[in-house]
Amino acid sequence: MAEIVIQNLIKKYGDFTAVKNLDLTIRDGEFITLLGPSGCGKTTTLRCIAGLETQTSGDIKIGPRVVNDLKAGDRDIAMVFQFYALYPHLTAYDNIAFPLRAQKMEQTAVNERVKTAAKTLKIEYLLNKRPNKLGAGEQQRVALGRAMVRRPQVYLMDEPLTNLDAKLRSEMRMELKRLQREVGTTMVYVTHDQTEALSMSQRIAIMNLGVLQQVGTPLDVYNRPATLFVAGFIGTPPMNFVRCKVVDGDIPTLRDEESFVYKLTPQQRAAIGSHSSAELVFGIRAEDIHIVPEPSAGDLPVEVFLREPLGDEIIYDLKVGDKIFRAKAPPTLRLNNGDKVAVSFDTVRAHAYDTQTEQAIF
Ligand code: ATP
């Protein structure tokens, strides 16, 4: 187990900067996910930690050692990739034992380690089989076993579940989480899949365009997105956004150029402070919009545009002027396209972002 400290990491490919001034401390024994869209720099960051890429500048510490100049093999890490890369001519046992034999470990110790890993991964029954006789999930477990037996200080995983079907992926998510908590080894896990990140991680580091946007627990990043990017990236359906201005009347409100109106709470008005004259982006999640079939004064009138039944809930697309808001409703609320209803907003769960800095205002 080890803490990883990344300080001012920059990685350039020619003129292109893939990772920009990254500062991140990963705690000893923590399961942290690097999350972001394709090309955001998460794999590059992982490869720099692994020693498979050399950073342009900055420092990486694993445990007490600065590893900047250490080769991958000397960093005491184990990697698992999207592609399992098992040796086809070796049994599962021999695949798992491979890194230990490469270290010239003596056979009794090898056997003990392979058996322990197999037990933890619940794959004792397949140790004598070759990879072509194993299903995708089993192969991935063997690959995990091969990473585990070395008992490294850190596991680095790059989208290891991508090639599995949806059911197996969801099972393996829980398995990996259990496994990591059981062995307590620091885990850095790369994915573009927010469900994976939210369900498995203790903390999530969200990146975009090479820039770290926010680091926090799954609840932090969901409930208090620090930037406009995080607000739009985390959550399904994505957060509703509308560009508005502050109008200080009897009751301070946010308004767009058409019919959208949102009454600010005193705390929200205070938080806006110096942003008052500029446009800002109002954000609200689908589950924080409440459809009111019998509108009362103060509710925002909307028209039902589309309904998307999902079994346990319905997503309604609601028109406000030329904008569409997506709201979640219970399956019992039956509305038809064209119905005129209204919505109210859960004010404590509303957000606003500065259009220039894209940082959260509230
Ligand atoms: P993905 O999930 O698609 O791999 P990512 O967030 O992991 O996305 P990276 O693989 O880290 O992204 O790539 C970040 C950026 O750096 C991308 O724009 C990519 O094209 C670029 N890049 C990565 N490796 C190289 C390389 N060897 N040479 C040039 N550009 C590279």
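User: Which residues line the largest cavity?

Analyst: In this predicted model, the largest cavity is lined by Leu144, Ala147, Met148, Tyr155, Met157, Leu176, Leu179, Gln180, Val183 and Met187. Residue numbers start from 1 along each chain as its sequence is written, and local features need pLDDT of at least 70, with side-chain atom pairs counted only at pLDDT 80 or more, while totals for linings use all residues.

User: How do I read "cavity"?

Analyst: Rolling a probe the size of a water molecule over the atoms shows where empty space is left. A cavity is a set of points on a 1 Å grid where a 1.4 Å probe fits but cannot get out, and lining residues have an atom within 4 Å of a point. Here, the search finds one cavity of 30 Å³ or more, and the largest has a volume of about 50 Å³, meaning the space filled by probe spheres set on the points.

User: Which element gives the largest share of that lining?

Analyst: That's α5, with four residues. α4, β7 (154-158) and α5 (166-183) each supply at least two; helices (H or I, at least four residues) and strands (E, at least two) are DSSP runs.

User: How do α3 and α4 cross?

Analyst: Axes are lines fitted to C-alpha atoms, with angles running from 0 to 180 degrees between N-to-C directions. Helix α3 (residues 107-121) and helix α4 (residues 136-148) have axes that come within 9 Å and cross at roughly 135 degrees.

Terms used: Side-chain values use heavy atoms; hydrogens and water are left out. On a 1 Å grid over the protein atoms alone, a cavity is a set of points where a 1.4 Å probe fits but cannot get out, and a pocket is an open set with protein on both sides within 12 Å along at least five of seven lines; lining residues have an atom within 4 Å of a point.
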